Amino acid sequence: MSKPSPDVYEQGRGMDAHNKVMRDIRAQKDKTYDPHEPTRVWIDEDRTPGGVYQSLTIILNTGGCRWARAGGCTMCGYVAESVEGGSVAHDALMDQIDVCLDHEQEQIEAGEADGKSGLIKIYTSGSFLDEREVGAETRRAIAETFADRERIVVESLPDFVDREKLADFTEQGLDTDVAIGLETATDRVRHDCVNKYFDFEDFIEASEHAEAAGAGVKAYLLMKPPFLSESEAIEDMKSSVRRCAEYAHTVSMNPTNVQRYTMVDELYFRDGYRPPWLWSVAEVLEDTADADAIVVSDPVGHGSDRGPHNCGECDDRVQKAIKDFDIRQDPSVFAEVSCECEATWDAVVEREKSFSLPLAR
């Protein structure tokens, strides 16, 4: 049984009552994980400022996000996949890297990958730059391991973005990006709907630290956190993408999916939450295609009740258009897909109100 508990870092941020509820939900977790195995690894394709790369995405299994262990974000269940005890040893983390490299080699030999991936993306379901999750020794060893690649992305909360830490990668000659889970440029939505403690000004400061280190910034946004109507979520994303484009070269909009051991899951179970429509994702991407940044989206779990979805008939077609847009950045792809359920979506956008039950599942 997981029993996450806060420490001094997480307390006193004005969210203690909310975090207590979140801890009670997360304590229901009863599964354990092998510290020598990564949470996930896969090969994909991504657009970056340096062009389109084959990418190796690695999610390391660490002790988990320290904010999530205090209670954390309303939609995030990743801490439930973390190793018990709060930390993972250096040797075990490097074993995870070896598993990922073996996976890449297997994909190459099977003809599923075109040689070594030029882009490496490393996540921890928390903050890679938090040395409680990934120590300095491990960070430097990972930088050396991937020194023969072209570009690397590491994810972190803004608190831990530090010039010296990023220098471990830039000094290897790697084009380095730090991905920050901002979720929204609207402080009230981030605090009250996402339960994330920092402000937009903290994101700006982190982007300045990254720039000083010669690194770029990738901003992660959250499409439709709980307590927003469909129309409010759309407008929040449109404004957030444009504000983020002033500080980040890439903005990745992630539609909310319903993960276990989260407040969103509790609301969903009681018919109080519906993930965003894929039409909403397309609407935001089409509207912000002229923003001064690469704007992408990866609707995880698309087409399922717990993931972003439309009517079930058109989900795959719209998802394909979104993926096509991610690579080509051409909004005309959305004119090529249509479905009768757009009328239902239009009605939802027009009529759904804040803090109400979804009009359509």
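The structure holds 24 salt bridges, a salt bridge being a side-chain nitrogen of Lys or Arg within 4 Å of a carboxyl oxygen of Asp or Glu. The model is predicted: local features need pLDDT of at least 70, side-chain atom pairs count only at pLDDT 80 or more, and totals for chains, interfaces and linings use all residues. Residues are numbered from 1 along each chain as its sequence is written, and side-chain values use heavy atoms, with hydrogens and water left out.

One of the salt bridges joins K116 to D148, with the closest N and O atoms 3.1 Å apart. This pair links distant parts of the chain, 32 residues apart. K116 sits in the loop between helix 3 (90-109) and strand 3 (119-123), and D148 in the loop between helix 4 (136-145) and strand 4. Helices (H or I, at least four residues) and strands (E, at least two) are DSSP runs, numbered from the N terminus. K116 is exposed, at 55% relative accessible area. D148 is partly exposed, at 49%. Here buried means under 20% relative accessible area, exposed over 50%, and partly exposed in between (1.4 Å probe, protein chains only).

A network of salt bridges links E235, K238, R242, E283, D287 and D290. Within helix 8 (residues 230-244), E235 and K238 are three residues apart, and are therefore separated by about one helical turn. Their side chains meet at 3.8 Å, N to O. E235 is partly exposed at 47% relative accessibility, whereas K238 is buried at 12%. D290 and R242 form another salt bridge, at 3.0 Å, N to O. D290 lies in the loop between helix 10 (278-287) and strand 8, and R242 in helix 8, so the pair ties together parts 48 residues apart in sequence. D290 is exposed, with 60% relative accessibility. R242 is partly exposed, with 34%.

Eight strands form an open sheet with the order 1-2-3-4-5-6-7-8 and mixed pairing. Two strands pair if DSSP finds at least two bridges between them. Strand 1 (40-48) and strand 8 (294-297) stand at the edges; each has a single partner strand, so one side of each lacks a neighbour in the sheet. On average, neighbouring strands are turned by 25 degrees against each other, direction ignored. Axes for such angles are lines fitted to C-alpha atoms, for helices over the stretch in contact, and angles run from 0 to 180 degrees between N-to-C directions.

Strand 6 (residues 216-223) and strand 7 (residues 250-255) run parallel and are joined by six bridges. Y220 has S252 of strand 7 as its bridge partner, and L221 has M253. Five of the six residues of strand 7 are buried.

E155 belongs to strand 4 (residues 151-155). E155 is buried yet has no salt bridge. The nearest side chain of opposite charge, K196, is 6.8 Å away; Lys and Arg count as positive and Asp and Glu as negative, while His and the chain ends are not counted. Leaving aside residues up to four places away in sequence, E155 touches I122, Y123, G126, S127, F128, L129, A179 and Y220, contact meaning heavy atoms within 4.5 Å.

The disulfide count is zero, a disulfide being a pair of cysteine sulfur atoms within 2.5 Å. The sulfur of C311 has its closest cysteine sulfur in C339, at 3.7 Å, too far for a bond. C311 is partly exposed at 40% relative accessible area. C100 is buried, at 0% relative accessibility.
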